[in-house]
Amino acid sequence: MTDGFHVLVDALKLNGINTIYGVAGIPITDLLRLAQAEGIRYIGFRHEQNAGNAAAIAGFLTQKPGLCMTVSGPGFLNGLVALANATTNCFPMILMSGSSDRAIIDLQQGDYEELDQLAAARPFAKAAYRINRPQDIGIGLARAIHAAVSGRPGGVYLDITAETLGAVLDTDTAAKSLFRPVDPAPRQMPESIAVRRASELLRGAQRPLILLGKGAAYAQCDAEIRALVENTGIPFLPMSMAKGLLPDNHQLSAAAARSYVLGNADVVMLVGARLNWLLSHGKQPLWSESTQYIQLDIDPHEIDSNRPIAAPLVGDIRSSVEALLQELPRGSVHVSPTWIQAIAERKAKNMEKMAQRLSANPSPMNFSSALGAVRKVVSDWPDAYVVNEGANALDFTRNIVDMSLPRHRLDSGTWGIMGIGMGYAIAAAVETGKPVVAIEGDSAFGFSGMEVETICRYQLPVAIVILNNSGIYRGDTGDGPPSPTGFVRDARYDKMMEAFGGRGYHATTPQELEEALAQAMKSGRPTLINAVIDPTAGTESGHIQALNPKSALQK
Ligand code: ADP
Ligand code: TPW
Ligand code: MG
């Protein structure tokens with residue numbers, strides 16, 4: 001005889017799920033112990049939201065669903081934000097939570113950590129299932145995997161009852177119930193007529209632009225995407241998590257001329273990028289009314305979501321890009337030389353302006369002078385992963401810190417969410433074994449800061465840089481009571497890292513910051529650098545101040 005604990009661990013192993021991110025407790029503690037004993041890597045967190053974020057970004061990096069395990073009730077709910085964030089960002093993950101006694105839950109008789117988890121998860125997940133019997137574990141896991149990685153990836157909730165874990169069944173039935181799904185993320189070929197329509201539009205374009213999104217990064221067809229850009233000679237613009245798909249210093253990058261190219265392109269090809277708020281919904285004044293769009297996406301529902309799409313190309317990005325490469329041999333697209341010239345001029349001007357800001361040396365530091373130092377060290381470590389969140393801390397870093405490899409920039413993404421920092425950083429280090437630099441606003445860091453203990457416990461090569469302006473957007477400078485956005489002045493976040501045996505630095509100049517970060521990278525040890533930024537340096541809401549509602553009375 002065997003039991004649900006063993007069957008579940010066997011099912012995970014059979015499916016190549018070799019890492020669990022989670023927090024222990026009833027009813028999953030023994031499950032985690034058994035998994036670890038059976039060779040599955042277990043990374044234990046201090047809060048389920050961070051474990052969930054770790055699983056989500058593991059999914060983005062590997063194309064396999066990242067797995068987060070939590071206890072019932074509140075532990076499950078703590079993980080739910082991460083599940084919703086994964087779904088919003090199209091990252092494949094599975095949140096698996098143990099649940100209490102169904103008979104008691106359904107009559108609301110007050111069980112320990114009682115909650116109807118399946119119902120609570122449903123609106124936030126791509127799919128949600130419950131396993132009620134040990135002989136269904138194999139099928140339940142297969143359904144979760146299919147849902148997480150097929151089509152547009154997303155977060156899946158898998159409820160596992162305490163009763164199922166403890167239930168016994170004979171080993172023969174158990175063995176027969178387990179299997180590995182065949183081809184859970186099948187290729188989806190675009191229709192040839194759609195490929196021709198898109199190619200024709202590009203061939204007729206004067207001022208074309210390729211806009212790369214994180215769907216393109218997820219698809220892991222980096223060489224094909226690069227060939228498409230280089231063969232056609234079309235300038236490209238990466239969304240933040242698509243940075244590095246082609247290096248930021250690539251000649252065809254239009255990143256330093258962003259508003260000019262968005263406002264003036266005649267044909268824009270969206271590759272795994274949605275026309276959401278991050279692209280002003282394709283609306284004026286950022287965009288021109290006459291721009292025509294080609295959109296490569298795996299999800300047909302995405303097409304025409306914000307503006308009519310002249311040439312939709314529904315399929316997986318690898319297949320669609322391969323088909324376009326066939327239709328568009330070198331020399332078949334005629335990009336106007338004046339378009340290239342106009343972009344080059346704007347780039348040169350903006351890069352010159354940025355160079356001046358980076359080399360200025362105000363005291364205290366501002367975002368640009370601090371990030372000028374960070375930028376140098378990151379360029380010396382091209383295979384390091386960059387995690388980034390905050391408002392000004394996010395906007396300045398995205399523009400200043402160049403990426404040169406695909407999928408190496410992990411940030412607040414589609415929701416603009418705070419709190420992903422330490423979860424993403426831990427999973428990036430765990431999944432890749434590479435060093436991680438987490439560039440954090442002081443507020444952003446606070447949402448997951450307790451995980452510095454986790455980073456120290458597993459001795460991960462994570463260097464955290466806190467751009468510490470003493471508050472959300474800015475710090476308080478007067479003597480009154482704390483404002484809604486101000487924090488304790490002169491806070492020493494570096495001491496948090498020291499509390500758990502990591503290395504802390506306090507940096508007040510770009511030179512100190514650069515030396516500390518270079519040292520951290522060389523050591524590969526858990527490090528936190530408290531970079532002191534002028535509390536008046538930031539702007540409200542960073543670059544998206546216009547999204548703050550204004551009273552009609554003020555207008
Ligand atoms: P960004 O924030 O970088 O603009 P989004 O998250 O808005 O990117 O868009 C990513 C898009 O990529 C989603 O619409 C998703 O459906 C799509 N996508 C994800 N994976 C693939 C894939 N393998 N093939 C095609 N499209 C994909
Ligand atoms: C889960 C709202 C957006 S940005 C931000 C908050 C609280 C923090 C900005 O301060 P920080 O950066 O990190 O110090 P900086 O450089 O501008 O000072 N709760 C969640 N998500 C979001 N986006 C918020 C609140 C917010
Ligand atoms: Mg701040």
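Contact here means heavy atoms within 4.5 Å, and the views below all come from a predicted model.

View 1. Let us start with a single side chain and its surroundings. Gln49 belongs to helix H3, which runs over residues 48-62. Is Gln49 buried or exposed? Its relative accessibility is 17%, and because buried means under 20%, Gln49 counts as buried. Once neighbours within four places in sequence are set aside, Gln49 is in contact with Asn78, Gly79, Val81 and Ala82.

**View 2. The buried residues of helix H14.** Helix H14 spans residues 317-327, and Ile317, Ser319, Ser320, Val321, Ala323 and Leu324 are buried there. When picking out these positions, a general point is handy: an α-helix has 3.6 residues a turn, so residues three or four places apart point the same way. Which elements cover the buried residues of H14? The cover includes three helices, H10 (192-203), H11 (214-218) and H12 (222-232). It also includes the strands S11 (267-271), S12 (292-297) and S13 (311-314).

**View 3. Where domain 2 meets domain 3.** The domain assignment divides the protein into domain 1 (2-177), domain 2 (192-344) and domain 3 (360-543). The centres of domain 2 and domain 3, taken over C-alpha atoms, are 32 Å apart. Here 15 residues of domain 2 are in contact with 15 residues of domain 3. Between them, about 1200 Å² of area is buried, with carbon and sulfur atoms giving 51% of it. Ser240, Met241 and Lys243 deserve a look: they supply 41% of the area that domain 2 buries against domain 3, more than any other three residues.

View 4. How many salt bridges are counted between domain 2 and domain 3? The count is one. Asp222 and Arg407 form a salt bridge, and their closest N and O atoms lie 2.8 Å apart. Eight residue pairs, with both residues at pLDDT 80 or more, are in polar contact across the interface of domain 2 and domain 3. On the side of domain 2 that touches domain 3, there are six nonpolar, four polar and five charged residues.

**View 5. Met354 in helix H15.** Our last stop is Met354, found in helix H15 (residues 337-359). Which residues does Met354 touch, not counting those up to four places away in sequence? They are Asn399 and Ile400. For a sense of scale, Met354 and Leu202 are 152 residues apart along the chain, and 32 Å separates their C-alpha atoms.

Methods: Residues are numbered from 1 along each chain as its sequence is written. Chains are lettered from A and ligands numbered from 1 in the order in which they are written. This is a predicted model: local features need pLDDT of at least 70, side-chain atom pairs count only at pLDDT 80 or more; totals for chains, interfaces and linings use all residues. Side-chain values use heavy atoms; hydrogens and water are left out. Buried means under 20% relative accessible area, exposed over 50%, partly exposed in between (1.4 Å probe, protein chains only). Helices (H or I, at least four residues) and strands (E, at least two) are DSSP runs, numbered from the N terminus. Domain bounds come from an automatic or database domain assignment. Buried area is the accessible area (1.4 Å probe) that two parts lose on being put together, summed over both. A salt bridge is a side-chain nitrogen of Lys or Arg within 4 Å of a carboxyl oxygen of Asp or Glu. A polar contact is a pair of N or O atoms within 3.5 Å; within protein, one must be able to donate a hydrogen and the other to accept it, and residues adjacent in sequence count only if both atoms are side-chain atoms. Ala, Val, Leu, Ile, Met, Phe, Trp, Tyr, Cys and Pro count as nonpolar, Asp, Glu, Lys and Arg as charged, and the others, Gly among them, as polar.
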